[in-house]
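Dear colleague,

Please find below the structure that I am handing over to you. Kindly look through it first; a summary of the findings follows.

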Amino acid sequence: MGDLDIKPFQIARYRKYPSNIADDKAAQLCSLWQARLGDSNWYPFKVVHCGMDEEEEHELVIDEEDKKLNGLNKDFGSEVYEIGCTSLKELNECNPSGRYVVEELWNFKENHKASLKEAITLFFEDVA
């Protein structure tokens, strides 16, 4: 959870650089942003009240006015911005104090976090 997908970075770099160096530039950019997202000193979130009363539920959302994220969107496009925001949310959800990537079982067919039951079922299907 929280690991950036390099594909949007590659697409953005292919628009700007020749194909022989675009992959290297994409890898550098992706690595730079993975480090930025993991920086717990940077907090691009804000608390939104979900109810009428101050005592009611609160939700933590991405601050749409954050300069770094807006720069990411402006410089590299909405696909890179969206994957960055998704990764940031996952990092903050899994480990808000350290914001580092956490390994997670994933069901790629259905595009969701795999349950333990799904993982065991797949394991035994492969063994049999």
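How are α1 and α2 oriented to each other? Please bear in mind that the model is predicted. Helix α1 covers residues 7-16 and helix α2 covers residues 19-37; their axes lie 8 Å apart and form an angle of about 135°. Angles over 145 degrees would count as roughly antiparallel, and those from 65 to 115 as roughly perpendicular. The two helices, α1 and α2, are therefore oblique to each other. Their crossing is right-handed.

On the side of α1, the residues that make the contact are Phe9, Gln10, Arg13 and Tyr14. On the side of α2, they are Ser19, Ala22, Asp23, Lys25, Ala26, Leu29, Cys30 and Trp33. Sorted by class, the contact of α1 with α2 consists of seven nonpolar, two polar and three charged residues.

A disulfide is a covalent bond between the sulfur atoms of two cysteines. The count of disulfides in this model is zero. For cysteine 30, the nearest cysteine sulfur belongs to cysteine 85 and is 14 Å away, whereas a disulfide requires the sulfur atoms to be within 2.5 Å. Cysteine 94 is likewise in no disulfide, and the nearest cysteine sulfur, again that of cysteine 85, is 16 Å away.

Is cysteine 30 buried or exposed? Its relative accessibility is 10%, so cysteine 30 counts as buried, the limit being under 20%. Cysteine 94 has a relative accessibility of 33% and therefore counts as partly exposed.

Yours sincerely

How values were computed
Residues are numbered from 1 along each chain as its sequence is written. This is a predicted model: local features need pLDDT of at least 70, side-chain atom pairs count only at pLDDT 80 or more; totals for chains, interfaces and linings use all residues. Side-chain values use heavy atoms; hydrogens and water are left out. Axes are lines fitted to C-alpha atoms, for helices over the stretch in contact, and angles run from 0 to 180 degrees between N-to-C directions. Helices (H or I, at least four residues) and strands (E, at least two) are DSSP runs, numbered from the N terminus. Angles under 35 degrees count as roughly parallel, over 145 as roughly antiparallel, 65 to 115 as roughly perpendicular and the rest as oblique. A crossing is left-handed if the near helix is turned anticlockwise from the far one by less than a right angle, and right-handed if clockwise. Contact means heavy atoms within 4.5 Å. Ala, Val, Leu, Ile, Met, Phe, Trp, Tyr, Cys and Pro count as nonpolar, Asp, Glu, Lys and Arg as charged, and the others, Gly among them, as polar. Buried means under 20% relative accessible area, exposed over 50%, partly exposed in between (1.4 Å probe, protein chains only).
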